[in-house]
Amino acid sequence: MMLAAYFDQYPAHLAAAARRQAEQQEQQAPRVLTMASPPPAPPSDGARTYTLTDASEERPPSHPEKGVLARPQEGETPSAALSQEGSAEKAPQGEEDRLSTGTYSVPPASAPATPLPLTPAPATGCPVHDPAHSHSHPLAHILNHSHTASSSGGSSRSSAADSQLLHCGICTRRYSNPKVLPCLHTFCERCLISYTPPESLTLTCPVCRQQSILPKDGDSGSESHSVVSLADSESGVPDTNGFHDDNTTLYCPSHQGQTLRFYCRDCETAVCSSCTDIEHRTHNTLHLTDAVDEHRAAMHQLIDRVTMQLPCVKEAICDIQDVCHNLEERRADAENEIRRCFNTLHELLDKRQTALINLLNSIESEKQQTLGNQKEELEAWVGGVESGCEFVEKALTHCPAMEVVLVRKQLGERLMDYANMNVPPAPRENSHLKFVIGNIDPLKTAFLHVGSIQSNSAVPHQTSCTGEALRQVNVGRQSIVTVVTRDHKGEKAACGGAEVTATLSRTSLAVQRHGSNSPRASLSPRASSKSPCGSREEVSPPQVLDLNNGTYEVAFTVQCEGTYSLEVLLYGHPVSGSPFTIAATAALEEDSGSSQRSVPPHTLARQTSHSTQVTSRTSRTSRRPLSHRSSCSRRTNPIEDDMLLRVGRRGRNRGEFVNPQGITYNAIKDGRIAVADSNNQCIQVFTLSGECKLRFGVRGRSTGQLQRPTGVAALPNGNYVVADYENKWISIFEPSGKYVSRIGNGKLLGPKGVCVDNNGHIIVVDNKASCVCVFQQSGKLLTKFGNRGTDEFQFAGPHFAAVNSKGQIVITDFHNHCVKVFDSDGDFLFTFGTSGEGNGQFNAPTGIAVDSNDNIIVADWGNSRIQVFDSQGSFLSYVNTLADPLYGPQGMTLTPDGHIFVADSGNHCFKVYKYLQ
């Protein structure tokens, strides 16, 4: 192939192209390469053969002729002549490693060979293989410059290029059987063999570290090429493959003497005229020179394309360096904050320790003082008693009897005083003094959770924005855009804390709508030149709210009609699609059926944009709209929304409902919609256009009867599966309404929702038991998971379930105000949603459905709206129900034509909405 043939002469062309890089190098001592006259030409093609020996290395002075080619004698090969010429003294061991010998075949030429002055080539590394020169790959010079040598100053440039391009980067010697790796770095074959471990199946480039899979025969599978000096290339000496700069002559290996003048596009190889008539007769061929031009042009284009990528890659490298630098700085700042926080805690603990020790010493001192005083009193009493008794004893012993009688009264009174003294029987204080630790377990727990490290891997180019406000907003109303942060793999970030900022600016004045000449189509008075909002500075800055789950809300309000530009930044860089162009128009007048909640200016309220369900929250009765009296009506309300059809009204007749709950799509007979009419104790079946075709079910608690049907699903064979909450079992009916069987009797406490997975298994949501049961159609219980609680794997009144394409079970957790996802075995995967009224929040979710893209549609019962999430639980949008608001939506199902059917329990009907998957 041409590219392989090009690799074969790769270093020679590199040498020819790199001579421009050596213009500034000083000319070194020349060396002489002498060629003898060629031997007799072979009779086949008249070409002459030379054996070239490079004498670039220093030789001993006693053999100045060494390295000079001698003319071979008659019948003697050039290599033999060279051996005879150097027979006086053999080259020392290893000297042959520095000699490059090759045989070249060239067309006959009348001009005799002349000595070529060359410059010695030091054994240095090739700049192509040097990482310091990787930014200036010589391949560009090969294709951009001619291979014709310049006559002036060629010797010094040739030597310099030889030293840079013709030496292996591992052994730093002239290439020996060079091999080109897929990364275009070249090394000696033996160097690669010694560099690669014997047991390794891959080869790592010593320069760029790119790994390549070794062929079965080892390194020999790499591209080989020949090596000649740049001087030879400039002087017109051809290489072993017959290439000679631009005047290359190639000979066909299959047809002797035939030159390769053509190129086969199909086989991607050079061919001769005989080949074109035989093997390549039916192939697309062209002249070889034209093919070379095409290949050169293609390589030029590739170089241009690669070169165009360089600024972006360099900028990315700079960005990475900036991020690394910022990361290091933030790590240092966070470390300082940690130390400061715990130093503060240490100071507080030290203060508390000092206070407790001081208090301990104070109490001990008071006790010691009391006990010391008591001790002194008692010691004084003991001393008085002992001295008095001793005195009396002496008086009785030594004094005359008359004196004893005379002093008896005095001595007796003194002893009587000591005897009658009230001596305390015990110490006035005790030794009780200890440290009571108290209940420090909460404190220990608090210390274990002091602070946290917040981080995420969100990147701007994967982060996206969603919401109707990205396209159009209403003047004077708050609009919200949801920002979903993702990492470089496209996975949603699990935590918040990212630096999300937004700026809003006005780019033009009011927008003409529908070409109308009405006042609304003209410039709004608020956007007139007299209005202060005509300046860009009057645009209120958007506010960003972190939902702490990888999702953020950007809220803004525009006061003038016109076109605005919203730029959302993540860590100072625009997210995907930013900036967004937004058209702001005046809001249409609304009827009294629905009212917009006012939002204080500059306050981020947790509510939706204009496409959200907007009803008053003062009371349930004020939020509930007037029901339509017709059983089936098309929407005629002037407010634009996504509703297509409304079917049913309150009543007990056919086509009427009282508190409808579950709803499902059945593919039989061009599609049927089955509704669980809970308080009418029956199932009603409709066409997709809203015509009631069937009503079945008898009230009762016996087998085959319905007491309170709440959920309904369709099996693959068309049978209906009905969850009966009061009877605590699951009933199965034929499409005609005939009872078939029941399952779950004695195993369920209050089944609410029911669905069927991809294997035909029946998934039952037990609302009263707060668990999920999976049955076979025969009634065998396969698995059961969940219990009552608030943990991730627990439920608090679950309602409905749906199954996505991966077999994962998605369940609405009513009282926990969230949606939980489990795998087919009942293992918890993830949850999303919190209690509230904002984007992605719920107030008792009920119905749920999954589309073909695994997007999750949830009926938000308490907020009376329908929200759409992606497969990972990130909020995407709303289904617009503004014109005819929902009142406590329950079950929900999707049809193949992209419509959503919702059981509107409070309005005693079901509604059909558009949904674009």
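Colleague: What percentage of the 917 residues in the protein is buried?

Modeller: Buried residues account for 44% of the 917. The model is predicted, and its exposed surface comes to about 47,600 Å², with carbon and sulfur atoms supplying 52% of that. The protein has 12 helices and 48 strands.

Colleague: Why is D904 called buried?

Modeller: The cut-off for buried is under 20% relative accessible area. D904 has 0% relative accessibility, so D904 counts as buried. The residue is found in strand β47, residues 899–904.

Colleague: What does D904 touch, not counting residues up to four places away in sequence?

Modeller: The list includes P660, Y887, C909, F910 and K911.

Colleague: F910 is also one of an aromatic pair with F686. What makes that pair edge-to-face?

Modeller: Two values decide the matter. Ring centres must lie within 6.5 Å for a pair, and planes over 60 degrees apart count as edge-to-face. The centres of F686 and F910 are 5.2 Å apart and their planes stand at 70 degrees, so the pair is edge-to-face. The two residues come from distant parts of the chain, 224 residues apart: F686 is in strand β26 (residues 682–687) and F910 in strand β48 (residues 909–914).

Colleague: How do you know whether F686 is buried or exposed?

Modeller: Again the cut-off for buried is under 20%. F686 has a relative accessible area of 1% and is therefore buried. F910 is at 1% relative accessibility and counts as buried.

Colleague: Why is the pair of F832 and F869 called tilted?

Modeller: Planes under 30 degrees apart would be stacked and those over 60 edge-to-face, with the rest tilted. Here the planes are at 45 degrees, with the centres 4.9 Å apart, so the pair is tilted. F832 lies in strand β39 (residues 828–832) and F869 in strand β44 (residues 865–869), so the pair ties together parts that are 37 residues apart in sequence. F832 and F869 are both buried. They belong to one aromatic cluster together with F830, F842, F875 and Y878. The count for the protein is 17 aromatic pairs.

Colleague: Which residues have the most contacts inside the largest nonpolar core?

Modeller: They are C465, V481, F556, L566 and V568, in a core of 26 residues. Two or more residues come from each of β15 (478–484), β16 (500–508), β18 (551–557), β19 (562–570) and β21 (580–585). β19 gives the most, with 4 residues. Leaving aside neighbours within four places in sequence, L566 has contacts that include V481, L504, F556, F580 and I582.

Colleague: Why are β11 and β12 said to stand at the edges of their sheet?

Modeller: The open sheet has 3 strands in the order β11-β10-β12, paired antiparallel. β11 (269–271) and β12 (285–287) each have a single partner strand, so one side of each is left without a neighbour in the sheet. From one strand to the next, the twist averages 35 degrees.

Colleague: Which helix lies across β10, β11 and β12?

Modeller: Helix α9, residues 288–398, lies across them and runs at about 95 degrees to β12.

Colleague: What share of the contacts with a separation of 6 or more joins residues 24 or more positions apart?

Modeller: For the protein, that share is 57%.

Note on methods:
Residues numbered from 1 in each chain as written. Predicted model: local features only at pLDDT ≥ 70, side-chain atom pairs only at ≥ 80, totals over all residues. Heavy atoms only, no water. Pairing = 2+ DSSP bridges. Axes fitted to C-alpha atoms, helices over the stretch in contact; angles between N-to-C directions. Contact = heavy atoms within 4.5 Å. Buried < 20%, exposed > 50% of the residue type's maximum accessible area, 1.4 Å probe, protein only. Areas by Shrake-Rupley, 256 points an atom, 1.4 Å probe, with all protein chains shown as cover. Core = buried A, V, L, I, M, F, W, Y, C linked by side-chain atoms within 4.5 Å. Phe/Tyr/Trp six-rings, centres within 6.5 Å; stacked < 30°, edge-to-face > 60°.
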